[in-house]
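Here is a friendly briefing to read with the structure open beside you.

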Amino acid sequence: MDQALSLNLPKLTSRRILWNEIVSDVLVRFFALIPLSALAFIMYMIVRKGAGTITWHFLTQMPLNGMTEGGIFPCIFGTLAITLMMILMALPLGVAAAIYLTEFSGHGMFFRVIRAAVNNLAGVPSIVFGLFGVGFFILFVGRNLDHVLKTGMLFGQPCMLWAAATLAVLVLPVIIVSTEEALNAVPQSQRSASLALGATKWQTIWNVVLPQARGGILTGAILSISRGAGETAPILFTGCAYFLPRLPVVHLFGVIPIVNPFDQFMELSYHIFIMATQSLDAVKTLPIQYGTTLVLISLTFLLNLTAIVFRIHFRKKMGTVSI
Amino acid sequence: MDHKLFKKDVRFGEWLIQKLLLVAGISSMLIIALIFVFLFKEAVRFFGTANPLDLIGKWTYDDWEGHYVFKMMWQSISEVPKYSLLPLICGSFLVAFPATIISGVLGIGCAIYLSELAPPRVREILKPTLELLAGIPSVVIGFVMLAFIATFAQNIFHTKFRLNAFVGSLGVALAVLPIMITIAEDAMRAVPKELRDASYALGATKWQTVWGTVVPAAVSGISAAIILGFGRALGETMIVLMATGNAALVTGNIFSSVRTMTANIAAELGSVAQGSEHYYALFLVGAVLFTFTFGLNLVSELVLNKMRQKLRM
Amino acid sequence: MKTSRMVVRGALVLALAAMIPTAFAAKNITVKGSDTIVVMGQKWAEVYMQKHPEAAIQVTGGGSGVGIAALINGTTDIANASRKIKTSEMDKAKAAGYYPEEFKVAMDSLAIVANAANPIKELSLKQIQGIYMGNINNWNEVGGPNQPILRYCRESSSGTYTFLKEQVLKNKDYAADCQTMPGTSAIANAVSKDPNGIGYGGAAYYIKQPGVKILSVKKDDKSPAINPVKADGTLDYEAAWSGTYPIWRYLYMYTGFKPKGEIKAYLDWILSPEGQKIVEEIGYVPLPLKK
């Protein structure tokens, strides 16, 4: 309809309007191409220069010779460990908060204040989270815990625990907002039906609402993992290590290896940063740097793509087709 | 009796769960409040040892000039530490303004394309692409700026500084572009079809309708997108740390090397002693940054809420 | 789902509880501190552990200040530092019951660099001071082309920043338009692409960087210009040892007490020719062998 109209109209109008039409059209199409080509450019550069570095050896070995050779396994390990720890902290809290907000709180003052606060938290610069992590988690909570528990310097120094906690605060709004959206997408009529059948409010949430919202919640979780994996500023001072000769692993009872939350860790995005600015031999490490960038970007792309596929699948199931 | 017990049990469980969820809701808010309180608590202690005027500049004896000079600089390691916020604020805005203008123009164009022109098939490709673009870690964009774009830009503009505010703002523009497009496009799609039809019925062309009807109707959403984008641009850290050169200068030249508030914190927090004046000064910078971004977010939130209310009517 | 989550949480709590004793149970040598030394420290540990399989040495970075703080708090046996311990830190350590012992383990020549296309070959300490303080702003003031000087330096949290400020700038402030880079290789990269740039940092970072030129430095107007690097591209150890190249520093290790047992054996080995050979391999200046 729209198109038919717009195709017929220019004939009736002056040349200036026609000119205006063409310029606008071309300009807007050109603008739409820019984000696409920027993405293509970045991807092309990184894949072209980084693909040659990626070998099984590169992905599974420790760095050697002052990080000028060898692999980046500790960085991959650190990234996975810290995002896992982050999501374990943020997901239960965020989902519970979102359930309370949508299902219990009503739309009163409390709801509006939290809503505004959550939205605002999403816009707080990531370096401010870093400041908060150092000042609050490490120096305030950590030092005081050490003081009370007489644990020396166990809690009061940068480590994986506090880095994960800092990232968890950072992704909390992502999780709350996406969970809320998922919960709100479940039709009110279904809740009413369940309640009418005699189910309690929680039974309704657990058996009717949550199963349908699961896809949306999962999408949010994946997106926040992707965000957490890519952030550098919040972990700069809360636990990242320039170089560690070993994995941050401790042997429980001397046998069972588990991630040591009190250890520092190497991490992909931080590794890219130090490779770009603090490498011992910048020429020799350039391939490592491109390789690391490619690994990180593949990881975040994979996570984002999974989230996109999930969402399409989930929305189709819910009956809305728009992306 | 069993029945009764069961009911009581259930009721207790309900009560407990509701309270637990309430605790989660409250603690989420508490964390947010904590960031606020903690940042400002530490920031205020800066004034325990320092003069508020220090935040603008300090009269310092200059050996070269041979007399006292009012120096507006950030020089934390010095016999006379200088903590002027002016160069940092200057740097932050010098990066964020051009970034917002660039991403604003591109973003609105892109949003118009997506909401008014793009066939569904193209939308299906373009929207996920934007999400992927949003998913690129900022340290990667910073690295690309440093490795490829900086020299390229210098060759074009022949600037004195190879790493400068403009190079940083290009990277930041790329980083905030996706969120701007998303919000602006949402606003345009929310414009009722009736308005467009009315415009066509009056004889307007496609683009007269877009520029004369759709964009004005969505203007609050578009401005919200711009304000929010500006806030994000102020808060970007890794890109500016790597690409702007970090010279703490008070300048209005976008081709000058600048140091933003974010980069300053990232560069200096490393080995600062807890409880020192320098430590509190960095928290003060953080608090100022927080206040700016919080204010911008709030304004954009209010604008968006108003638009939603208007459209619901 | 509920149970699995409970299991996960339970395991986490258990793990946290179990971690506290295990963290203390580790009875080996821990080394912590300066990122400048961490790579070399790691290499030392690697080679030493190959020769002495019974030893277990852990090396981590974090910065000179972090290492010394850990020493004072008793969480590390050895602290690496690219600067001397401060009086305030010494006092804190004594208050905590420690008597830090200092070991000079290597030397580091700091190079002043310019772009390879810059015809300038040497600068005096006074000229370097003038350039970094912002009093000399054009290369023609020091015998170069008529081009503005672009100053690159490290950020203030770096030991190198403090070193240059104390030794060359005589504690005066850096010029406001110094571009502070987050690392020495970032400076190397910037100077290599910037025809008017000047930078500084550990000489090892610049030897292999194409596009930059390591400048010779004159102590004063009368003394000869000395380059920290020999014509064959290797570090000139003699120049640093004799002090004819004026900008160099020691790299330190600190222990909480007079070292004995395993720690003493390790430190002795580091100071031995074998340990000093690794200093050369990494790209720093070894200690002069004859005292």
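Does His158(B) count as buried or exposed, and why? His158(B) counts as exposed because it has 8 C-beta neighbours inside 10 Å. Please keep in mind that this is a predicted model, with a mean pLDDT of 84 for chain A. The points below are grouped by topic.

**Confidence in chain A**

- In chain A, 93% of the residues reach a pLDDT of 70 or more.
- Residues 1–10 of chain A are the stretch to treat with care: pLDDT stays under 50 there, and the model has 10 contacts for them beyond four places in sequence.
- Where pLDDT is low, the predicted coordinates should not be read in detail.

**Two loop residues with positive phi**

- His158(B) sits in the loop between helix H5 (138–157) and helix H6 (165–189) of chain B.
- The phi of His158(B) is near 50 degrees, a positive value in a residue other than glycine.
- Asn171(C) is also worth a look, with phi near 70 degrees, again positive in a residue other than glycine.
- You will find Asn171(C) in the loop between helix H6 (159–167) and strand S7 (179–181) of chain C.
- Asn171(C) has 12 C-beta neighbours inside 10 Å and therefore counts as exposed.

**A buried serine in chain A**

- Ser178(A) belongs to helix H7 (residues 160–184) of chain A.
- Ser178(A) counts as buried because 25 C-beta neighbours lie inside 10 Å.
- Leaving aside neighbours within four places in sequence, Ser178(A) is in contact with Gly216(A), Ile217(A), Thr219(A), Gly220(A) and Leu223(A).
- Gly94(A) is 84 residues from Ser178(A) in sequence, yet their C-alpha atoms are 9.6 Å apart in space.

**The largest nonpolar core**

- The largest nonpolar core holds 277 residues.
- Which members touch the most other members of this core? They are Ala164(A), Leu172(A), Met145(B) and Ala184(B).
- Not counting residues up to four places away in sequence, Met145(B) touches Ala150(B), Val167(B), Leu170(B), Gly171(B), Ile239(B), Met242(B) and Ala243(B).

**A hairpin in chain A**

- Strand S3 (residues 249–252) and strand S4 (residues 256–259) of chain A pair in the antiparallel sense over 4 bridges.
- Within this pair, Val250(A) stands opposite Ile258(A) of S4(A).
- S3(A) and S4(A) form a hairpin with 3 residues between them, and Phe253(A) in the turn has a positive phi of about 55 degrees.

**Where the chains meet**

- The contact between chain B and chain A takes 75 residues from chain B and 72 residues from chain A.
- On the chain B side of that contact, H1(B) gives the most, with 20 residues.
- By class, the side of chain B that touches chain A has 46 nonpolar, 19 polar and 10 charged residues.
- Chain A also meets chain C, with 27 residues of chain A in contact with 32 residues of chain C.
- S3, helix H10 (268–277) and helix H11 (282–318) of chain A are the elements that give two or more residues to the side that touches chain C.
- H10(A) provides the largest share of that side, 3 residues.
- The side of chain A that touches chain C has 18 nonpolar, 8 polar and 1 charged residues.

**Domains of chain B**

- Chain B is divided into domain 1 (2–48) and domain 2 (85–312), and their C-alpha centres lie 34 Å apart.
- In chain B, 6 residues of domain 1 are in contact with 8 residues of domain 2.
- Helix H1 (residues 2–44) of chain B gives the most to the domain 1 side, with 4 residues.
- That side of domain 1 of chain B has 4 nonpolar, no polar and 2 charged residues.

**Chain C as a whole**

- Chain C has 11 helices and 12 strands, and its C-alpha trace spans about 75 × 55 × 40 Å along its principal axes.
- Of the 291 residues of chain C, 48% count as buried.
- The domain assignment of chain C gives domain 1 (2–106 + 251–282) and domain 2 (108–248).
- The C-alpha centres of these two domains of chain C are 32 Å apart.
- The contact between them takes 7 residues from domain 1 of chain C and 5 residues from domain 2 of chain C.

How values were computed: Residues numbered from 1 in each chain as written. Chains lettered and ligands numbered in written order. Predicted model: local features only at pLDDT ≥ 70, side-chain atom pairs only at ≥ 80, totals over all residues. Domains from an automatic or database assignment. Contact = placed C-beta atoms within 7 Å. Nonpolar A, V, L, I, M, F, W, Y, C, P; charged D, E, K, R; others polar. pLDDT = per-residue confidence, 0-100. Core = buried A, V, L, I, M, F, W, Y, C linked by C-beta atoms within 7 Å. Buried ≥ 20, exposed ≤ 12 C-beta atoms within 10 Å, placed from the backbone. Pairing = 2+ DSSP bridges.
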